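Reader: I am new to reading protein structures, and I would like to go through one slowly with you. Could we take a few features in turn, with the general idea before the case?

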Amino acid sequence: LPPFSGAVRINQGEVSFQKWLRAAKRLQADASLSEAQVKRVILKSLRGQADEIGDYYSAENSDKIIDILIAQYGNMLDGEELKIQFYNILQEPSQSASDYLSLLFLKLSEVHSHGGIRVDEMDSLLLRQFLRGCSDEGLMLKLNLTDDNPIPYHNFITLVRREETRRMQRKCRVK
């Protein structure tokens with residue numbers, strides 16, 4: 001489990017709370033680990049203020065410790081507010097289209113986990129926001145994407161990355 005401190009500025013070697021939480025949930029879902037092992041790994045991964053909170057609640061089970069950390073560091077916005085934030089994410093000038101798509105997917109997953117959308121809406125919302133926020137017009141034309149034909153994320157990211165790779169190879173050949 002990666003280290004998490006709860007500091008406003010993420011220190012080198014640490015991760016954001018959302019990333020730590022995803023890893024902690026995967027750890028909890030691992031059937032090969034006992035509750036005591038999961039709790040020990042969770043408590044060992046905490047640093048700084050988060051470690052102090054973990055120490056205080058160390059007698060609790062891993063679910064309770066995670067719930068307390070969510071209350072302290074988790075996103076307190078509801079699904080609708082997160083959905084509005086999602087609609088305002090635009091591609092940064094230095095950001096690749098695949099990085100932008102990955103960011104959108106992570107944010108949309110967070111919207112889903114907070115009850116802002118159903119899982120069957122994810123592909124169409126992801127495509128719609130990508131079409132709206134992607135600034136790489138050449139890529140958009142080449143992929144010929146339309147919002148009436150949603151693509152599952154794993155296929156979508158593959159299409160975008162293949163096109164980016166093709167362009168990079170072409171650029172290298174021209175040089």
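Reader: Is Arg 167 buried, partly exposed or exposed?

Author: Please keep in mind that this is a predicted model. A residue counts as buried under 20% relative accessible area and as exposed over 50%, with partly exposed in between. Arg 167 has a relative accessible area of 28%, so it is partly exposed.

Reader: With which residue does the side chain of Arg 167 meet in a salt bridge at 2.8 Å?

Author: The partner is Asp 136, and the 2.8 Å is the distance from N to O. This pair links distant parts of the chain, since Arg 167 belongs to helix H9 (residues 153-174) while Asp 136 sits in the loop between H7 and helix H8 (137-143), 31 residues apart. Asp 136 is partly exposed, because its relative accessibility is 22%.

Reader: How far apart in helix H9 are Glu 163 and Arg 167?

Author: The general idea is that an α-helix has 3.6 residues a turn, so residues three or four places apart point the same way. Here Glu 163 and Arg 167 are four residues apart, which means about one helical turn separates them, and their side chains form a salt bridge at 3.5 Å, N to O. Glu 163 also forms a salt bridge with Arg 166, with the closest N and O atoms 2.5 Å apart, and these two residues of helix H9 are three residues apart, again about one turn of the helix.

Reader: Is Glu 163 buried or exposed?

Author: Glu 163 has a relative accessible area of 6%, so it is buried, whereas Arg 166, at 32%, is partly exposed. Through shared partners, salt bridges join Asp 136, Glu 163, Arg 166 and Arg 167 into one network.

Reader: Which residues of helix H3 are buried, and where do they lie around the helix axis?

Author: To read a helix, one can look down its axis and ask where the buried residues fall. In helix H3 (residues 48-56) the buried residues are Ala 50, Ile 53 and Gly 54. They fall within an arc of 100 degrees, so they line one face of the helix. On the other side of H3, Glu 52 and Tyr 56 are exposed, and what covers the buried residues includes helix H2 (35-45) and helix H4 (62-73).

Reader: What is the relative accessibility of Gln 129, and what does Gln 129 touch?

Author: Gln 129, which lies in helix H7 (residues 122-133), has 1% relative accessibility and therefore counts as buried. Leaving aside residues up to four places away in sequence, its contacts include Phe 86, Tyr 87, Tyr 100 and Cys 134.

Terms used:
Residues numbered from 1 in each chain as written. Predicted model: local features only at pLDDT ≥ 70, side-chain atom pairs only at ≥ 80, totals over all residues. Heavy atoms only, no water. Buried < 20%, exposed > 50% of the residue type's maximum accessible area, 1.4 Å probe, protein only. Arc of directions from axis to C-beta. Contact = heavy atoms within 4.5 Å. Salt bridge = Lys/Arg side-chain N within 4 Å of Asp/Glu carboxyl O.
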